[in-house]
Amino acid sequence: MALVGSLAGCGGDDGTPTETATEEPEPESPSPPESTTAPGTTTAPGNTTTTVTEAPTTTTMGTPTESPTATPIPGPDEYLEYVSNYDGTIADETGKSSVTVDVGTGDGFRFSPPAIRISTGTTITWEWTGQGGGHNVVAEDGTFDSGATQTSGTFEYTFENAGRHPYYCSPHRSFGMKGYVIVEE
Ligand SMILES: [Cu+2]
(Lines give C-alpha, C1' and ligand atoms only; values in the text may rest on other atoms or scores of the structure.)
Protein backbone atom coordinates (compact mmCIF):
# COMPACT_ATOMS: atom_id res chain seq x y z
CA MET A 1 0.00 0.00 0.00
CA ALA A 2 2.77 2.38 0.94
CA LEU A 3 4.81 1.46 -2.15
CA VAL A 4 1.93 2.06 -4.52
CA GLY A 5 1.45 5.47 -3.02
CA SER A 6 5.15 6.31 -3.47
CA LEU A 7 5.26 5.14 -7.09
CA ALA A 8 2.14 7.02 -7.94
CA GLY A 9 3.71 10.09 -6.43
CA CYS A 10 6.91 9.73 -8.48
CA GLY A 11 5.13 9.22 -11.76
CA GLY A 12 2.65 11.91 -10.99
CA ASP A 13 5.04 14.86 -11.28
CA ASP A 14 3.40 15.98 -14.52
CA GLY A 15 -0.20 15.50 -13.53
CA THR A 16 -2.64 14.02 -11.15
CA PRO A 17 -1.03 11.18 -9.17
CA THR A 18 -4.12 9.03 -9.39
CA GLU A 19 -4.54 9.11 -13.20
CA THR A 20 -0.81 8.79 -13.98
CA ALA A 21 -0.43 5.71 -11.88
CA THR A 22 -3.33 4.06 -13.65
CA GLU A 23 -2.50 4.92 -17.31
CA GLU A 24 1.30 4.95 -17.55
CA PRO A 25 3.15 1.62 -17.86
CA GLU A 26 6.15 2.75 -15.85
CA PRO A 27 4.45 3.00 -12.49
CA GLU A 28 2.86 -0.39 -13.09
CA SER A 29 6.08 -2.09 -14.17
CA PRO A 30 7.80 -1.73 -10.81
CA SER A 31 4.74 -3.01 -9.08
CA PRO A 32 4.51 -6.46 -10.78
CA PRO A 33 8.11 -7.37 -9.91
CA GLU A 34 7.50 -6.48 -6.31
CA SER A 35 4.23 -8.33 -6.30
CA THR A 36 5.89 -11.32 -7.94
CA THR A 37 8.65 -11.24 -5.41
CA ALA A 38 6.27 -11.28 -2.53
CA PRO A 39 4.21 -14.32 -3.71
CA GLY A 40 7.41 -16.02 -4.79
CA THR A 41 8.82 -15.75 -1.32
CA THR A 42 5.60 -17.05 0.10
CA THR A 43 5.56 -19.94 -2.37
CA ALA A 44 9.15 -20.90 -1.68
CA PRO A 45 8.48 -22.34 1.77
CA GLY A 46 5.64 -24.38 0.29
CA ASN A 47 7.87 -25.89 -2.37
CA THR A 48 10.57 -26.58 0.13
CA THR A 49 8.13 -28.44 2.32
CA THR A 50 7.01 -30.57 -0.61
CA THR A 51 10.59 -31.38 -1.52
CA VAL A 52 11.45 -32.37 2.02
CA THR A 53 8.44 -34.67 2.12
CA GLU A 54 9.58 -36.53 -0.98
CA ALA A 55 13.23 -36.71 0.00
CA PRO A 56 12.78 -39.16 2.92
CA THR A 57 10.86 -41.53 0.66
CA THR A 58 13.74 -41.68 -1.77
CA THR A 59 16.19 -42.19 1.05
CA THR A 60 14.09 -44.95 2.53
CA MET A 61 13.96 -46.72 -0.81
CA GLY A 62 17.74 -46.69 -1.03
CA THR A 63 18.40 -47.85 2.50
CA PRO A 64 16.89 -51.35 2.24
CA THR A 65 18.82 -51.93 -0.97
CA GLU A 66 22.11 -51.16 0.71
CA SER A 67 21.39 -53.03 3.93
CA PRO A 68 21.58 -56.62 2.57
CA THR A 69 24.99 -55.88 1.07
CA ALA A 70 26.33 -54.30 4.22
CA THR A 71 24.83 -56.87 6.57
CA PRO A 72 27.36 -59.54 7.55
CA ILE A 73 26.45 -63.18 6.90
CA PRO A 74 24.73 -64.61 9.99
CA GLY A 75 26.23 -67.78 11.45
CA PRO A 76 24.23 -71.05 11.46
CA ASP A 77 23.21 -70.71 15.11
CA GLU A 78 21.80 -67.27 14.43
CA TYR A 79 20.22 -68.00 11.07
CA LEU A 80 18.67 -71.30 12.16
CA GLU A 81 17.67 -70.15 15.64
CA TYR A 82 13.98 -70.88 15.13
CA VAL A 83 14.35 -73.89 12.86
CA SER A 84 12.74 -76.78 14.76
CA ASN A 85 14.97 -79.53 13.40
CA TYR A 86 18.26 -77.71 14.01
CA ASP A 87 19.92 -78.58 17.32
CA GLY A 88 23.29 -77.00 16.68
CA THR A 89 24.59 -79.96 14.74
CA ILE A 90 26.23 -79.29 11.40
CA ALA A 91 26.39 -82.45 9.32
CA ASP A 92 30.00 -83.01 8.28
CA GLU A 93 30.02 -84.14 4.68
CA THR A 94 33.43 -82.71 3.78
CA GLY A 95 35.54 -84.61 1.31
CA LYS A 96 32.59 -85.97 -0.65
CA SER A 97 31.86 -85.26 -4.28
CA SER A 98 28.12 -85.27 -3.79
CA VAL A 99 25.63 -85.18 -0.95
CA THR A 100 21.86 -85.05 -0.68
CA VAL A 101 19.63 -82.71 1.32
CA ASP A 102 15.95 -83.59 1.63
CA VAL A 103 13.37 -80.88 0.98
CA GLY A 104 10.12 -81.17 2.93
CA THR A 105 10.94 -83.46 5.84
CA GLY A 106 9.61 -83.53 9.40
CA ASP A 107 6.41 -81.50 9.44
CA GLY A 108 6.86 -81.00 5.72
CA PHE A 109 8.62 -77.68 6.09
CA ARG A 110 12.21 -78.67 6.89
CA PHE A 111 15.44 -79.23 5.06
CA SER A 112 17.37 -82.25 6.25
CA PRO A 113 20.00 -81.96 7.36
CA PRO A 114 19.30 -78.28 8.05
CA ALA A 115 22.99 -77.41 8.29
CA ILE A 116 25.72 -79.09 6.32
CA ARG A 117 29.46 -78.70 5.93
CA ILE A 118 31.02 -79.63 2.62
CA SER A 119 34.22 -79.10 0.64
CA THR A 120 34.80 -77.00 -2.45
CA GLY A 121 33.84 -79.03 -5.49
CA THR A 122 31.03 -80.82 -3.67
CA THR A 123 27.67 -81.02 -5.40
CA ILE A 124 24.57 -80.81 -3.23
CA THR A 125 21.43 -82.42 -4.59
CA TRP A 126 18.27 -81.15 -2.95
CA GLU A 127 15.65 -83.85 -3.24
CA TRP A 128 11.94 -83.05 -2.87
CA THR A 129 10.09 -85.52 -0.68
CA GLY A 130 6.63 -84.45 -1.81
CA GLN A 131 5.62 -83.43 1.70
CA GLY A 132 4.45 -79.95 2.72
CA GLY A 133 3.40 -78.76 -0.71
CA GLY A 134 5.55 -76.78 -3.10
CA HIS A 135 9.03 -75.75 -2.03
CA ASN A 136 12.06 -74.11 -3.52
CA VAL A 137 15.66 -73.53 -2.50
CA VAL A 138 16.95 -69.96 -2.49
CA ALA A 139 20.31 -68.74 -1.20
CA GLU A 140 20.25 -65.48 0.73
CA ASP A 141 23.21 -64.26 -1.30
CA GLY A 142 21.77 -65.44 -4.61
CA THR A 143 24.48 -68.04 -5.12
CA PHE A 144 21.87 -70.69 -5.96
CA ASP A 145 18.14 -70.58 -6.67
CA SER A 146 15.96 -73.48 -7.73
CA GLY A 147 13.37 -71.07 -9.09
CA ALA A 148 9.64 -71.71 -8.90
CA THR A 149 8.33 -74.00 -6.20
CA GLN A 150 8.01 -77.68 -7.03
CA THR A 151 6.59 -80.73 -5.25
CA SER A 152 8.97 -83.33 -6.64
CA GLY A 153 12.28 -83.68 -8.38
CA THR A 154 15.74 -82.42 -7.53
CA PHE A 155 17.95 -79.35 -7.73
CA GLU A 156 21.72 -79.53 -7.91
CA TYR A 157 24.43 -76.99 -7.25
CA THR A 158 28.18 -77.48 -7.20
CA PHE A 159 30.04 -75.24 -4.77
CA GLU A 160 33.32 -74.13 -6.29
CA ASN A 161 34.22 -71.53 -3.68
CA ALA A 162 34.59 -71.58 0.08
CA GLY A 163 31.93 -69.64 1.89
CA ARG A 164 28.80 -69.70 3.99
CA HIS A 165 25.37 -69.80 2.41
CA PRO A 166 22.22 -69.46 4.49
CA TYR A 167 19.20 -70.38 2.35
CA TYR A 168 15.45 -70.77 2.58
CA CYS A 169 12.23 -71.89 0.92
CA SER A 170 10.38 -68.78 -0.30
CA PRO A 171 6.78 -69.68 0.67
CA HIS A 172 7.75 -71.24 4.02
CA ARG A 173 10.56 -69.00 5.17
CA SER A 174 8.33 -67.61 7.93
CA PHE A 175 7.69 -71.20 9.06
CA GLY A 176 11.40 -71.60 9.62
CA MET A 177 12.05 -73.61 6.47
CA LYS A 178 15.68 -72.61 6.30
CA GLY A 179 19.00 -74.30 5.81
CA TYR A 180 22.70 -73.57 5.89
CA VAL A 181 25.64 -74.65 3.78
CA ILE A 182 29.24 -74.15 4.88
CA VAL A 183 31.81 -74.70 2.16
CA GLU A 184 35.38 -75.25 3.23
CA GLU A 185 38.54 -75.09 1.13
CU1 LIG B 1 8.73 -74.79 1.54
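Which strand is joined to strand β1 (residues 91-92), and how many bridges join the two?

Reply: Happy to! This is a predicted model, in which local features need pLDDT of at least 70, side-chain atom pairs count only at pLDDT 80 or more, and totals for chains, interfaces and linings use all residues. Residues are numbered from 1 along each chain as its sequence is written.

Strand β1 is joined by two bridges to strand β4 (residues 115-119), and the two run parallel. Strands pair if DSSP finds at least two bridges between them. Within this pairing, D92 has R117 of β4 as its bridge partner. β4 also pairs with β9, again in the parallel sense, over five bridges; there, I118 stands opposite V183 of β9.

C169 is buried because 26 other C-beta atoms lie within 10 Å (the cut-off for buried is 20 or more, with C-beta atoms placed from the backbone). Leaving out residues up to four places away in sequence, C169 touches H135, N136, V137 and M177; contact here means C-beta atoms, placed from the backbone, within 7 Å. The C-alpha atoms of C169 and V103 are 9.1 Å apart, although 66 residues separate the two along the chain.

Stepping back, the protein chain has five helices and nine strands, with helices being DSSP runs of H or I of at least four residues and strands runs of E of at least two, numbered from the N terminus. Buried residues account for 23% of its 185 residues.

Technical notes:
A residue is buried if 20 or more other C-beta atoms lie within 10 Å of its own, exposed if 12 or fewer, and partly exposed in between; C-beta atoms are placed from the backbone. Two residues are in contact if their C-beta atoms, placed from the backbone, lie within 7 Å.
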